[in-house]
Amino acid sequence: MELRLESEKPIYVQLCEWLSDMIISGTIPEGEQIPSTTEISVEYKVNPATALKGINMLVDKGVIFKKRGLGNKEYFYDMMIRLNEKMF
């Protein structure tokens, strides 16, 4: 994925859309952990707060949920979303 800094879309929205596309396409299989905030921030050179904001957009929409484990927050997605429903 390439983030467009000159885009009118905020970076956190671009991250949210990228994660959503990975989920819908099956790149991230159901029940699998999505990339962590740290992994996203390091790989795409964004502030961890920006990465978290993108993840939290999907949490707020009910696409993924947080599950605590071993002291870390883990993010998984739930296929209860309607694939034909526009999320943005």
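Colleague: What percentage of the residues of the protein count as buried?

Modeller: Of its 88 residues, 36% count as buried. Buried means under 20% relative accessible area, exposed means over 50%, and partly exposed is in between, with a 1.4 Å probe and protein chains only. Please keep in mind that this is a predicted model: local features need pLDDT of at least 70, side-chain atom pairs count only at pLDDT 80 or more, and totals for chains, interfaces and linings use all residues. Residues are numbered from 1 along each chain as its sequence is written, and side-chain values use heavy atoms, with hydrogens and water left out.

Colleague: Thanks! Which pattern does the protein follow along the sequence?

Modeller: The pattern is α-α-α-β-β, from three helices and two strands. Helices (H or I, at least four residues) and strands (E, at least two) are DSSP runs, numbered from the N terminus.

Colleague: Which elements have the highest and the lowest mean pLDDT?

Modeller: Helix H2 (residues 37-44) has the highest, at 93, and strand S2 (residues 72-77) the lowest, at 53. pLDDT is the predictor's confidence in each residue, from 0 to 100. Over residues 70-74 the pLDDT is below 50, and beyond near neighbours in sequence that stretch has nine contacts in the model. Contact means heavy atoms within 4.5 Å. For residues 79-86 pLDDT also stays under 50, with six contacts beyond four places in sequence. The mean for the protein is 79, and 76% of its residues reach 70 or more.

Colleague: Good to know. Let's do the helices, then. What should the 15 residues of H1 span?

Modeller: At 1.5 Å a residue, helix H1 (residues 11-25) should span 21 Å, and its end C-alpha atoms are 21 Å apart, which agrees. The expected span is 1.5 Å times one less than the number of residues in the helix.

Colleague: And which residues of H1 are buried?

Modeller: They are Val 13, Gln 14, Leu 15, Cys 16, Glu 17, Trp 18, Leu 19, Ser 20, Met 22 and Ile 23. After H1 comes Gly 26, with a positive phi near 90°.

Colleague: On to H2. Which residues are buried there?

Modeller: Thr 37, Ile 40, Ser 41 and Tyr 44 are buried in H2. Seen down the axis of H2, they fall within an arc of 95°, so they line one face of the helix. The arc is that of the directions from the helix axis to the C-beta atoms. The face turned away from the buried side carries the exposed residues Thr 38, Val 42 and Glu 43.

Colleague: I'm curious about Ser 41. Why does Ser 41 count as buried?

Modeller: Ser 41 counts as buried because its relative accessibility is 9%. Its side chain reaches the backbone oxygen of Thr 38 at 3.0 Å. That is a polar contact: a pair of N or O atoms within 3.5 Å where, within protein, one must be able to donate a hydrogen and the other to accept it, and residues adjacent in sequence count only if both atoms are side-chain atoms. Leaving aside neighbours within four places in sequence, Ser 41 touches Val 46, Asn 47, Pro 48 and Ala 51.

Colleague: And Glu 39, what does its side chain reach?

Modeller: The side chain of Glu 39 reaches the backbone nitrogen of Ser 36 at 2.8 Å. Glu 39 lies in helix H2 and, at 47% relative accessibility, counts as partly exposed.

Colleague: Last one, H3. What is at the start of H3?

Modeller: There, a side-chain oxygen of Asn 47 reaches to within 2.7 Å of the backbone nitrogen of Ala 49.

Colleague: Which residues of H3 are buried?

Modeller: Ala 51, Gly 54, Ile 55, Met 57 and Leu 58 are the buried residues of H3. Down the axis of H3 they fall within an arc of 145°, so they line one face of the helix. On the other side, Ala 49 and Asp 60 are exposed. H3 is followed by Gly 62, whose phi is positive, near 80°.
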